[in-house]
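Subject: Structure for your files

Hello,

Here is the structure I said I would pass on, followed by notes on what was found in it. Please read them with the model open.

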Amino acid sequence: MNRARAMSYLLSRASPGMPLGASRAWLIGATRSKASAPPSAALAAEPFLNGSSSNYVEEMYTAWLSDPKSVHQSWDTFFRNAVSGARPGEAYTAPPSLAEPQANHVPLTSLAPALASPQMVSDAPISDKVIDDHLAVQGIIRAYQIRGHSIAKIDPLGINTVEDSQSRALVVRNYMNRFSESDMERSFKLPLSTFVGGSETTLPLKEIIKRLEDAYCRSIGVEFMFINSLEQCNWIRQKFETPGIMYMSAQEKRLLLARLTRSHGFEAFLARKFSSEKRFGLEGCEILIPAMKQVIDRSTSLGVESFVMGMPHRGRLNVLSNVCRKPLEHIFCQFAGLDTGDEGSGDVKYHLGTYVERLNRVTNKNIRLAIVANPSHLEAVNPVVQGKTRAEQFYHGDSEGNKVLSVLLHGDAAFSGQGIVYETFHLSELPQYTTHGTIHVVVNNQIGFTTDPRMSRSSPYCTDVARVVNAPIFHVNADDPEAVMHVCNVAADWRHTFHKDVVIDLVCYRRNGHNEIDEPMFTQPLMYNRIRKLKPCIDLYSDKLVSEGVVTKEEAKEVRDKYEKILEEAFAAAKMETRVFNKHWIDSPWSGFFEGKDPLRASPTGIHEDTITHICRRFSSAPPNASDFVIHRGLQRILNARMEMVKERTIDWAMGEAVAFGSLLKEGIHVRLSGQDVERGTFSHRHHILHHQKVTNDSPVDKSQYNALAHLYPDQAPYTVCNSSLSEYAVLGFELGFSMTNPNALVIWEAQFGDFHNTAQCIIDQFIASGQSKWIRQTGLVLLLPHGMEGMGPEHSSARLERFLQMTSDDPDILPAFSSDFAIRQLSDINWIVASCSTPANLFHILRRQIALPFRKPLILMTPKSLLRHPEAKSPFDDMVEGTEFQRVIPEAGPASKNPAGVKRLIFCSGKVYYDLTAARKEAGLEESIAISRMEQIAPFPYDLVKQECDKYPEAELVWSQEEHKNMGAWSYIQPRIATALNCEKHLIPSASESQESQSWYEYWFPWLFPTSSPSEVSPSEAPATTQSETPVASDTRVVRYAGRPVSASPATGNKKTHLRELKNLLEDALAL
């Protein structure tokens, strides 16, 4: 054995060029000498040199020396390698095997085609250069996949295009240094990480590089190698590297030309007819229209039936016309300056949305298209679109997003600059917020308003934000229409396959300035000098197809002339219109919701006591038939306390909310509660999700949960309660979009603390407060905003009640006529409802009233914190049973109400301060002298009930008391309205003929309440028929006095002692007679 090992070692020491005879003599002589034993590493490297095999090895070697063909090929290979100078462990070559290679192993023949020959394998060992060359080729392939986009010719202006002489070096770096010009013709085995070979397994290096550059460095730049899924990366490689993958038939090219012609023709027509109007046209990115239609066509063929789209103003009119097929007359009328023929204040034409159901002629399938209306606040519409999409998927049972697809269009500057983009991306994978993939299309003008990318972002691309969710990004030259079509097909296929977001970056330019009357040469002379020399995309592509023989010049002109005729006919028809109608632009119609309903009659909100008891018992119990479900001891005490309240027929705040939810679920109304920590509740009061406390080591994740409200009745509606990401802007926008889809659902967003809503102020101001007025779009969205001065500092005290009240649309100087339907008429006329409930029963009723109303209005609800557990903030079942309703004002019910003439002061208040006032009044012994009334609904203002209370106590001084500072809270809102209710009544009573007209209340009264001419210039025929009765201001006018904290810049003090001192002063001021 030692002799055989020594033989192997000495063979490895023989000179490579030694003749066989000499080497035999050298070997034999050496083995007979006192040669030292070979190193142990060498012995381990030759596994067959052990035991009795040594004699056999010596025999094989002797035979080989005589005749190499007399031994097996494997021995021939071994001895040749040993004689050639192979080191220990390198002479032995394992025989070929049909078995699968082990992990991290590859077959020898995979390294190069030439090595597949047995002659080569047997004649010489694999050199280091061969291995290194193949590794370098793999590095080159990976380099193009990673960095090819950085040199792609995606800029139609050529401003940011890398010089050809430098481009390859930027991608492959030093991988090419080892190859000479002659190596470019060498063939290399293609690894599994590329598809450039198609059906071929080997290619010359020159051809490999050419195909990689065609795939990654021409008109398309692909960013995808940051994705941590091998399956997804290989899918993208195959879609772009496979030879001939971008092939388009002649028919497809003609369709593309026709669509591009319409896109260009629409903008050119508007430019001629309305040259001085702002329209934010698509000039420079006309390919957007064919791109969107291609996405829709491809997705429709994959099963999508509904598309929900959001976009900025640029190109909106073109999308409405050529993608949604909005009637051209409706669009042209928006330029004519006509009066509106229905309700609403309207919006500018490039903010409007629409909803269309039409036939997709390419796939012959019916589809639904919705473009959501949006303000000028860029990207604000993104979460609204996602919420609307999620709602459609939810109500259609589309759990995987195969039927409903969201498409978001962006501008380059806004996509990288607006934080809402990032917030919305982070909703994409959350279980209760995902839309199962969104297709994002960036109209990359390479400029903001006047700011170029160097000054507007720190990242290389405007699309880099999408990398945070592993969304592939396809950059494409917008002047290469066929490349754009391929990218759109891949994006639609990606979304269908993986249900994840994808980004199409249409790198284009803006032929005009920010708008059509803007001069861009002031700030971008280089860019716009190039743009002026550049032919439009339609001309470039038309010339290309003519040169290919796909169309003739006459055919291309015929397509243009045909569409021009359509535009002229629509323009002539638009001239015949005398009014525009806002209802033509509704983006979320509620089919059948308003039909057959009395618009001024609400359903009752009280329910049967058996229903209350059943819901409360289930809400207070552990999961039935789950004895092994372990509940936290502290939570078990809460459940026990709830059960005790059921026995006493009372509820606290959490149970009042639960009964409202449960009773609606019983009636088939879906309830969705969303926000930060809403499952438990910020103040640990809700606990709608119970967690099994027993966690095993092999399962560290909470998998066992119980939602009591989701299991009240076997045939109930679904209940969704979900903790959101730590975002207000995106999540509130999402819930708004969700609420727009189905009017028969209660959608609620709760802020962690009330003042946190100010980070979502854009959604509140631009969408919720004014959405119905601008876009005729109703929503019943509820905002729960924890509010109250409790010594928690400036940021955890005020929900900024004053801001919501300031944005209400009721006039403080006009007293509406009192009637039996006064309350609901007020609700119908106002833009939203603002309330601050002080009892669980009123919370129960106001939540149910959201669904009971024959219309939908947003509800802004100031919710308590300490009242959640206040012993007096409870309600009996009697306040919720049939026959009860929401109390807009809760009047004094104590001793003072028994002797109104003896009451010296009537205090109006709202919210938690009522309990502070009643406790202080009781302590001071003033329960007969001071009456306290709670204003539960602040807006619309309860004129009738306030006046009724004031009339009840004619000798009482009137005081408004609030815990907020004087320049905050409700004081500035209620002061003029109380004065109007008491001292200067002006009732406006419409004539009987008004009910016969089709005009809304808003439309009918607006010209009279806000005249454009002086009253003397309004003729009697122009004024609405009214009966006016004014009560002159009496000399003993009653005024309301303020009692509360003084003005302050900060909502609350951060010092506990100061807080208590302010509260003491507030109570003394309010109660001092």
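**Two single residues**

Gln 334 sits in the loop that runs between helix H14 (328-333) and strand S5 (339-340). Before going further, please keep in mind that this is a predicted model. Is Gln 334 buried or exposed? Its relative accessible area is 19%, and the cut-off for buried is under 20%, so Gln 334 counts as buried. Leaving out residues up to four places away in sequence, Gln 334 touches Asp 347, Lys 349, Leu 352, Val 580 and Trp 585.

The other residue is Cys 488, which is part of helix H19. Cys 488 has a relative accessibility of 1% and is therefore classed as buried. With residues up to four places away in sequence again set aside, the contacts of Cys 488 are Ala 291, Gln 294, Val 295 and Ile 504. Val 503 lies 15 residues from Cys 488 along the chain, and the C-alpha atoms of these two are 9.7 Å apart.

Strand S10 covers residues 473-477, and five of its five residues are buried. Which residues point which way from S10? Ile 473, His 475 and Asn 477 point to one side, while Phe 474 and Val 476 point to the other, and all of them are buried. In general, side chains in a regular strand alternate between the two faces of the sheet.

S10 is joined to strand S3 (residues 220-223) by four bridges, and these two strands run antiparallel. In that pairing, Ile 220 has Val 476 of S10 as its bridge partner. S10 is also joined to strand S11 (residues 502-507), here by five bridges and in parallel. His 475 stands opposite Asp 505 of S11. To get from S10 to S11 the chain passes through helix H19 (residues 481-498), and this β-α-β crossover is right-handed. H19 is the helix that holds Cys 488.

**Cavities**

How many cavities of 30 Å³ or more does the model contain? The count is twelve. As background, rolling a probe the size of a water molecule over the atoms shows where empty space is left.

The largest cavity has a volume of about 160 Å³. Its lining is made up of 18 residues, and those closest to its centre are His 787, Ser 836, Ser 910, Gly 911 and Glu 964. Strands S21 (859-863) and S27 (957-965) each provide at least two of the lining residues. S27 contributes the most, with four residues. Sorted by class, the lining of the largest cavity consists of nine nonpolar, six polar and three charged residues.

The second largest cavity holds about 100 Å³ of space. It is lined by 15 residues, and His 685, Arg 686, Glu 750, Thr 863 and Pro 864 lie nearest its centre. Helix H25 (653-666) and strand S19 (782-786) are the elements that give two or more residues to this lining. By class, the lining of the second largest cavity has eight nonpolar, four polar and three charged residues.

Regards

Note on methods
Residues numbered from 1 in each chain as written. Predicted model: local features only at pLDDT ≥ 70, side-chain atom pairs only at ≥ 80, totals over all residues. Heavy atoms only, no water. 1 Å grid on protein atoms, 1.4 Å probe; cavity = no way out; pocket = protein on both sides within 12 Å on 5 of 7 lines; lining within 4 Å. Points joined across faces, edges and corners; volume = space filled by probe spheres on them. Nonpolar A, V, L, I, M, F, W, Y, C, P; charged D, E, K, R; others polar. Buried < 20%, exposed > 50% of the residue type's maximum accessible area, 1.4 Å probe, protein only. Pairing = 2+ DSSP bridges. Right-handed = clockwise from strand over helix to strand, strands pointing away. Contact = heavy atoms within 4.5 Å.
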